[in-house]
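Visitor: Please show me the structure, and then let us go through some questions about it together.

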Number of protein chains: 2
Amino acid sequence: MINITLKQLRYFEALARHRHFGRAAEACAISQPALSMQIKDMEDALGATLFERGARQVRLTHFGEVAAERARDILRAADELGDLARASRERLVGRLRIGVIPTVAPYLLPKVVGELTGRFPGLDIHVRETVTPKLIQELADGRLDTAIVALPVSETSLEETPLFEEPFVLVRSAREANAPLPSADSLREMRLLLLEEGHCFRDQALSFCNLPSGPPREVLDASSLSTLVQMVSAGMGVTLIPAMAVPVETRSASVAISRFEGPEPKRTVGMVWRKSSPLAGQLSDFAEIVREAGQNAARDPKPFSSQTNDNLLA
Amino acid sequence: MINITLKQLRYFEALARHRHFGRAAEACAISQPALSMQIKDMEDALGATLFERGARQVRLTHFGEVAAERARDILRAADELGDLARASRERLVGRLRIGVIPTVAPYLLPKVVGELTGRFPGLDIHVRETVTPKLIQELADGRLDTAIVALPVSETSLEETPLFEEPFVLVRSAREANAPLPSADSLREMRLLLLEEGHCFRDQALSFCNLPSGPPREVLDASSLSTLVQMVSAGMGVTLIPAMAVPVETRSASVAISRFEGPEPKRTVGMVWRKSSPLAGQLSDFAEIVREAGQNAARDPKPFSSQTNDNLLA
DNA sequence: TATTGATCATAAGAATATCTTATCAAACGT
DNA sequence: ACGTTTGATAAGATATTCTTATGATCAATA
């Protein structure tokens with residue numbers, strides 16, 4: 001294997017440019033013998049003469065000229081690697097793979113992604129939407145850089161930071177808009193529609209009702225909040241959805257939204273990443289941006305001033 | 001300036017491939033700590049993390065992946081430089097710039113160039129045809145690799161090696177074919193046609209006639225041997241040409257060729273190159289090839305068996 | 001839950017490599 | 001001939017890089 005060094009290439013390039021050992025050495029901020037030796041070593045390593053040393057002038061051999069071109073290419077590539085590193089360390093640049101749970105993604109991402117691409121022009125955001133266990137696995141596997149899930153995750157290898165708290169609201173058919181607010185326990189007696197197994201929000205809803213989060217209770221489990229709301233709108237029962245989903249999911253459905261009183265059910269949405277991730281520093285900043293966007297998203301439409309939302313289907 | 005080393009790039013590439021410090025170190029034939037340190041140094045130099053060290057696995061960061069690609073490019077370029085050097089040192093390859101004097105070039109080159117390109121497939125031969133002083137200057141300036149001229153040149157910085165001796169022959173009009181052979185001195189009394197000032201052959205011819213090689217004697221100086229022969233053929237006088245030119249130049253002219261007797265006039269054609277030229281070793285071999293070709297060229301057509309050659313103009 | 005094994009980081013000293021200063025040798029110009 | 005310029009060489013100092021030994025962390029295991 002050829003064993004030249006980048007240092008030799010730099011010296012060589014300088015000598016090729018100056019055609020004078022003394023001046024090239026000065027340009028490299030080393031002594032002339034140091035340069036002479038490195039050039040000699042490089043010639044030995046290559047097994048070819050790079051310069052023709054005349055008494056009064058130093059001239060590149062033909063091979064030397066070709067080599068100088070190559071050397072410049074190599075040095076430029078090495079410098080580019082440095083530039084690339086600098087760019088990647090100073091700001092969040094390049095690919096960022098975010099995982100988000102399905103009960104958050106559609107409501108949070110539009111705001112966050114817009115904000116992020118505006119703030120970090122070089123950022124290439126990839127979104128993965130699936131349930132928490134898969135996200136955690138992919139995070140651990142290094143297939144994701146960060147994930148937005150309901151806390152706590154309690155993985156010792158993961159850093160977690162809360163983003164915002166999100167209340168659950170009751171969704172009833174428009175007909176029931178004025179019925180009294182059921183208690184958590186009384187929800188058990190009603191026809192409570194839930195997301196299918198695997199979604200953390202299903203477990204959180206069950207937990208609120210003091211129900212075990214076991215296997216499917218009914219065959220009516222839905223695969224999305226949107227479906228749930230449509231089912232409620234069709235009079236199939238009641239459901240809980242996270243507050244942030246309200247503006248989007250109830251826009252085109254005739255349902256009544258009610259906030260709970262007293263011990264309001266809620267969950268904490270947070271961001272997690274590997275403690276060992278080199279992006280850790282930047283992910284904290286990133287979390288701050290998501291936090292702001294999320295709090296705005298939760299407050300913005302203020303759909304809770306009225307307990308009822310009876311838009312009809314388009 | 002970024003100060004990574006090729007060594008680091010090699011180690012880095014190995015670690016990127018193995019994703020395991022121990023095995024990568026083994027592949028590089030160094031100890032694991034040595035690899036760890038070099039990778040760390042490289043990360044410090046770049047100011048960016050290349051690997052995410054997990055307890056059970058080593059993983060490239062996103063930047064690391066990009067860097068690995070670049071590193072491979074750089075390493076490949078460096079290896080190519082080595083290959084290039086090997087190719088250039090083993091045999092005569094690449095550009096070879098040969099200077100040849102005009103009284104040799106047309107007669108010698110066709111044979112030599114064919115022979116050379118056959119023997120050295122990678123050789124790219126450039127020919128420069130001009131008078132000796134210019135050739136020597138260009139040789140000294142490094143604009144030529146070697147030159148074929150009449151010896152001696154007597155430049156201490158130049159190596160010179162004889163190729164062959166070349167007699168001068170007398171060219172007379174066909175009418176004079178049977179006239180007695182003039183002596184060197186009697187040539188002075190005849191109308192001796194010569195090449196223009198600057199050609200060494202002019203001086204050699206004058207020297208044979210014991211004439212000073214000063215400024216133009218006549219306005220009839222020709223710019224090529226071909227013209228000289230045509231002039232002789234037209235009855236304008238007599239001339240001398242080097243033996244090697246006979247087959248070519250008298251093919252289509254009605255002239256008589258006579259060799260001198262006794263102290264036959266001749267010159268030594270040789271090859272010269274800078275003593276400091278890195279091609280010096282190969283140029284000796286090269287000279288040997290030219291020598292053979294030249295001797296064949298001088299013998300081959302054997303036009304001297306008959307003193308007369310009276311082909312007519314086509 | 002303590003233990004073990006695997007894995008990478010760190011430390012200290014040895015081995016190399018690289019640099020500097022001083023000097024030499026060749027070659028050019030005066 | 002003589003001094004100047006220029007690159008090569010020598011010797012010792014400095015810096016880097018390597019090795020061996022050890023530490024720390026984490027996961028799998030008993």
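Visitor: How many disulfides are there over all chains?

Guide: This is a predicted model, in which local features need pLDDT of at least 70, side-chain atom pairs count only at pLDDT 80 or more, and totals for chains, interfaces and linings use all residues. Residues are numbered from 1 along each chain as its sequence is written, chains are lettered from A and ligands numbered from 1 in the order in which they are written, and side-chain values use heavy atoms, with hydrogens and water left out. Taking a disulfide as a pair of cysteine sulfur atoms within 2.5 Å, the count over all chains comes to 0.

Visitor: Which cysteine sulfur is nearest to that of Cys209(B), and how far away is it?

Guide: Cys209(B) takes part in no disulfide. The nearest cysteine sulfur belongs to Cys200(B), at a distance of 15 Å.

Visitor: Is Cys209(B) buried or exposed?

Guide: Buried means under 20% relative accessible area, exposed over 50%, and partly exposed in between, with a 1.4 Å probe and protein chains only. Because its relative accessibility is 0%, Cys209(B) counts as buried.

Visitor: Which polar side chain has an atom 2.7 Å from a phosphate oxygen of DNA strand D?

Guide: A polar contact is a pair of N or O atoms within 3.5 Å; within protein, one must be able to donate a hydrogen and the other to accept it, and residues adjacent in sequence count only if both atoms are side-chain atoms. A phosphate oxygen of DNA strand D lies 3.1 Å from an N or O atom in the side chain of Gln38(B), while the distance of 2.7 Å belongs to a polar side-chain atom of Ser36(A).
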